[in-house]
Amino acid sequence: MESNLPQKTDEQKLEAVFLYRGILDAYDAVGTELIGPNVLEEHVLPRMVYFVKEFLPEIFSQRADSSTLVDELRTFLTYFHKKVDDAQEKGTVRELTMNEIWQLRAAIFGYESVFINILGEAAIKDYVFVRMADILASYLPEALLNPSVSLLDKLQEYAKYIRDHEFVSYARVKAEGSEVTVAANGCAFARIHDSEAYQNLNVRFCPWGMIGSAIVAAHEGRGTVLKSSIFTTRGSVSHIETK
């Protein structure tokens, strides 16, 4: 595994990390609102243990004490937020590693698993992702918020953005009426799809689709629904609808 993020400019890398931070913050805000202030401690961290062991076995597979790992992950989340804040202040992400981004992915899937188990998939589609798209819109790069640019142009710029950052090798978008499709292949994180978590369908929504939904929500000025993400061995196809 690569030890650092793709070798692009610091500003580009910082924007990419900031988007992932936005997904985590949106999950945290909606989880606190719907489940309670202890959602992280009581629900998310225990599930994070499972996902981190799945996604980073070379680091955590030998650790049998889950309570110890919960403590480490709690510390990581606090540390990660501070590290991103410091990176924004300094304008560089040179100290952030891909392993830390994998841990962040585990946190995101931890939240999603909690929402599916406690609230049900219908609540996620009808409310959670509508709220999250609204929150995540504030994290989007300025180029994706320009009101004079068409939605299709913004989505195409987004597809180019994740290709240029080497998070995916291929991305395609389509916008027809109230329906939008975001397809990604050759994803840097696609080995998630080979995990037991994916095989058991404990995770069902792709972050690339979530970000696409936020772009649509910000452009349209109304709620969007991430209807589904169909996972392949190397990527995903996400379907988005405006409400």
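Arg-74 is partly exposed, at 28% relative accessible area. Partly exposed sits between buried, under 20%, and exposed, over 50%, with a 1.4 Å probe and protein chains only.

A word on the source. This is a predicted model: local features need pLDDT of at least 70, side-chain atom pairs count only at pLDDT 80 or more, and totals for chains, interfaces and linings use all residues. Residues are numbered from 1 along each chain as its sequence is written, and side-chain values use heavy atoms, without hydrogens and water.

Back to Arg-74. Its salt-bridge partner is Asp-71, with the closest N and O atoms 2.8 Å apart. A salt bridge here is a side-chain nitrogen of Lys or Arg within 4 Å of a carboxyl oxygen of Asp or Glu. Both residues are in helix α4 (residues 66–90), three apart, so about one helical turn separates them. Helices are DSSP runs of H or I, at least four residues; strands are runs of E, at least two; numbering starts at the N terminus. Asp-71 is partly exposed too, at 42%.

The count is five salt bridges. Which parts does the Glu-33 to Arg-131 bridge tie together? Glu-33 lies in helix α1 (residues 10–34) and Arg-131 in helix α6 (residues 121–136), so the bridge ties parts 98 residues apart in sequence. Their closest N and O atoms are 3.1 Å apart.

Back in helix α4, Asp-86 and Lys-82 are four residues apart, about one helical turn. Salt bridges with shared partners join Glu-41, Asp-71 and Arg-74 into one network.

Last, the whole chain. It has nine helices and four strands. Buried residues make up 50% of its 243 residues.
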